[in-house]
Amino acid sequence: MRFSRRAKCGARYAEQDIEDSEQSPCFHLKHQTVIDIEIKHRYTSTLFEGQAKQTVVRLVVIWGGFGLMAGLTQHPILGSNDAIKEKPLSSLEDKGVESGGGQTEKDMAPVTGSSIHRSGSRPQLDLSKAAIQGTFEERDPTILLPNQSDHLSHLALDIGGSLIKLVYFSRREDQAIDDKRKKTLKERLGISNGCRRSYPVLGGRLHFVKFETIKINECLDFIYSKQLHCGGMDARIWNPDAPINENAVIKATGGGAYKYADLFKERLGVGLDKEDEMNCLVAGANFLLKAIRHEAFTHMEGQKEFVQIDQIDLYPYLLVNIGSGVSMIKVDGEGKFQRVSGTNVGGGTYWGLGRLLTKCNSFDELLELSQRGDNRTIDMLVGDIYGGMDYSKIGLSASTIASSFGKTISENKELEDYRPEDISLSLLRMISYNIGQISYLNALRFGLKRIFFGGFFIRGHAYTMDTISFAVQFWSKGEAQAMFLRHEGFLGALGAFMSYEKHGLDDLMVHHLVERFPMGAPYTGGKIHGPPLGDLNEKFVRKGTEITAPVPMDPPGTTGLGGFEVPSSKGGTLRSDASALNIGVLHLVPTLEVFPLLVDPKTYEPNTIDLSDHSELEYWFTVLSGHLPDLVDKAVASEGGTEDAKRRGDAFARAFSAHLARLMEEPAAYGKLGLANLLELREECLREFQFVDAYRSIKQRENEASLAVLPDLLMELDSMSEETRMLSLIEGVLAANIFDWGSRACVDLYHKGTIIEIYRMSRDKMQRPWRVDDFDAFQKRMFGSGDKKPRPHKRALLFVDNSGADVVLGMLPLARELLRRGTEVVLVANSLPALNDVTAMELPEIVAEAAKHCDILRRAAEAGGLLVDAMVSNLDGSKENSSSVPLMVVENGCGSPCIDLRQVSSELAAAAKEADLIILEGMGRALHTNFNARFKCDALKLAMVKNQRLAEKLIKGKIYDCVCRYEPIS
């Protein structure tokens, strides 16, 4: 027998299947405790309303790094079969809890509290104020342990000579609402609550922070302010008075782990558990290469190009870590590696010689000098030897360096006669070429095609990466490529983090990670917001409710992007990336999955528009910045127009403008850039400044106006023949898609008429053939030809777009027609608000209102569990309802106008498994993304093009042209 229960520890969740068998893997885990505890079970059903029942339940606890898993033995009320003894209502603090062996908790732990005694490495289980939160009907009630804190740090450090790299984990994610609709949906789609991992992968965020080592006290203050040495703010919020564990440790690597151990003990009361530096480097690199889609990139002649790494084909590879010296590590798999070579000429050599020769005071200053240097005044080139000619016989161009610093031999000059800029560049090239050549020779020696470079020396510096890349390409004759990692500075810290026994990251896949870029990441966390431009000290800082932003207003001669001037092209000049904020916060979302109906997920590219074209990039940046004032107005109005909302609106505008300016300067700064990424960045930035739903009131008004005319539309449709009705329905979807607050042309229309007037005008202009018109092929699939009638589709996934007329007068009537034909319909909507897009939370209410006027929608909605809480009159008996095909709603897992089908919600993935028709509607989901996507089932893509440039580029048409693209299963 198998059953599932959940334990909730503070803000931590875990799920585990408990199998009542000796073969169950959970009963063979190292850290397991079986106890009986008394819990107040508060039922919210009418049967037990107002009652509090005291119950003894058996809790099977498997210790994990970030939580615990619990199984409840069976109980008549809870749905179990083991005999459970009733106990009188009493306090857990005052009475011992009976254990499986008859021993009381008092025998195992001190009288204070109700915690189980633990070994030095095992966390305590604090049962004080434990309660089951659930309903009579709920099969998997939540156990709340509000005072549980597991003292295992969520922090790891790499303390180097120049920088401290810090990786920490926060578990404060938005919690899903587990209502009756969700329960019905899960049962229909066969979604299990069980999790068969030996310990959980939990939702949360991985943060990356850097501090200068000479400012280590700032790092200590940061750790203390977030209570990272005590398990983070999550644990302290639940139990602020809990004593700090004297034996608590933080994983650390690097030389500073030894040098500063006493300081950490003195300031924070924690020890540093030193981890081997090379182990950490390899573990960090393996994780990044397997888990982050756009982690690796090449860098040639100033151009960054991201490389997709196939996890299956990752090993073996050469990892070249360039710190003070250089280590070259051959990596054959998880935990399988060996140092095969190295060189003492590395970053320390560059910094040491550079400091002696140029008198620079910092490594960054030396790199800055190299940007303005000309190595031809110092290095002897092939052309200097051969009279300006190439040595083509052996493949050497005139500009190839024949001897670093060689020209200084023949010139009667002293050190002060040479520019520090030229010396710095010559040094940089000498060392980088040397490292690149030795690395390639070692790769050749072991037959390795992939060479990844990382370490303090690189620091995202364009000159350095270009020079290493040139050396590898030159010596390999183009057969090998140098590759770099976006998180290269954090390899050691990330590896140290993963050295915790139960870190919860090893089962993560690339689709579980979403990288976001809050203002201030990665150098600061919490409530500090800083534009990723120029001086890192420029930050948005929250003081109480006030946000100050040291960002200038638009002066004359700027682009208007928040007052930041877009840098002009530097031609062949390369810039340093050393101070750029190129990495964000990694959100761990274990519930995300790859959409199972993609033909080939590996080659799938969601973005239709290629923003590597600079003119394309500039155009869309102009569109987004032009839309910004109206968006800010809507956002501020959605929060009541308060002074606080106005300040936040101003800060949002400046922050998003800063993002745009940063990306205009370097489009690949945040990874591979597509239009979908830009639109999602805007929504994330809105949410960061606490604008949850900027178009809330507008959506509500448009929904009400559209629902008012829906009955008349349905009557008109029902008077038509089947084939005529289908054409009218598709026309209705295309016409209603005109309502899009993300389109400037459509926003202008809103000022010229009411929603119904605009809809009728749009319908009147529906004339075939459309610019892309596959309707006849779709109609043939639906109705066949002659006497041959095709079978109806089993299940259709309808990806809906905008609120108001778009969903009410367009997609709902189409869904109704499919239901009439016996096809199950799943409406797929956003998990979070974006512009005026409808969300999965809003759809059930819209469906309930529509169902008041339509028996087909009502029966299907009841069958799909959408009307559980809705006040809808019961027009038919339950027997008829049980045989109806269901209408369901699922969330898509994102909060953007576009959708990346490599990362969708688990409920959408489950719904897709029996689907044989996909309908993608709207510009964001069918044009900006997924226009070229191929599926394992029939697909229909419907949209009105509301942007002239997109119409010209994508379909060679004009604004307001329509797309009806049908792609049958091959």
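Predicted model: local features only at pLDDT ≥ 70, side-chain atom pairs only at ≥ 80, totals over all residues.
Which residues have the most contacts inside the largest nonpolar core?

The core in question has 60 residues, and the ones with the most contacts inside it are Ile730, Leu798, Leu827, Leu887 and Ile919. Helix H22 gives the most to this core, with 10 residues. Take Ile919 as an example. Leaving aside residues up to four places away in sequence, Ile919 touches Leu797, Leu798 and Phe799, then Met811, Leu814 and Leu818, and also Leu940 and Leu942. There is also a second, separate core, of 48 residues, and Leu611, Ala651, Leu681 and Val963 are among them. As general background, nonpolar side chains in soluble globular proteins tend to be buried together.

Now the sheet in that part of the chain.

Next, another sheet. Here too 7 strands form an open sheet with mixed pairing, and the order is S12-S11-S8-S9-S10-S26-S22. Which strands stand at the edges? They are S12, residues 271-274, and S22, residues 513-516; each has a single partner strand, so one side of each lacks a neighbour in the sheet. Direction ignored, neighbouring strands are turned by 25° against each other on average. S11, residues 249-253, runs parallel to S12, and 4 bridges join them. Ile250 stands opposite Leu272 in S12. Helix H3 packs on the sheet, touching S8, S9 and S10, and its direction makes about 5° with that of S9.

That brings me to the aromatics. The structure holds 22 aromatic pairs. In one of them, Tyr168 and Phe222 have ring centres 5.9 Å apart and planes at 65°, so the pair is edge-to-face, the cut-off for that being over 60 degrees. This pair links distant parts of the chain: Tyr168 is in S9 (residues 163-170) and Phe222 in H3 (residues 216-225), 54 residues apart. Tyr168 is buried, at 3% relative accessible area, and Phe222 is buried at 13%.

Tyr315 and Tyr317 form a stacked pair, 6.1 Å centre to centre with 20° between the planes. Are these two buried or partly exposed? Tyr315 is partly exposed, at 23% relative accessibility, whereas Tyr317 is buried, at 0%. Ring pairs also link Phe297, Phe306, Phe453 and Phe484 into a cluster.

Last, charges over rings. The charged end of Arg648 sits over the ring of Phe691, 4.8 Å from the ring centre. The charged end of Arg965 sits over the ring of Phe931, with 4.1 Å to the centre.

Terms used:
Residues numbered from 1 in each chain as written. Heavy atoms only, no water. Phe/Tyr/Trp six-rings, centres within 6.5 Å; stacked < 30°, edge-to-face > 60°. Helix = DSSP H or I, 4+ residues; strand = E, 2+ residues; numbered from the N terminus. Buried < 20%, exposed > 50% of the residue type's maximum accessible area, 1.4 Å probe, protein only. Lys NZ or Arg CZ within 6 Å of the ring centre and 35° of its normal. Core = buried A, V, L, I, M, F, W, Y, C linked by side-chain atoms within 4.5 Å. Contact = heavy atoms within 4.5 Å. Pairing = 2+ DSSP bridges. Axes fitted to C-alpha atoms, helices over the stretch in contact; angles between N-to-C directions.
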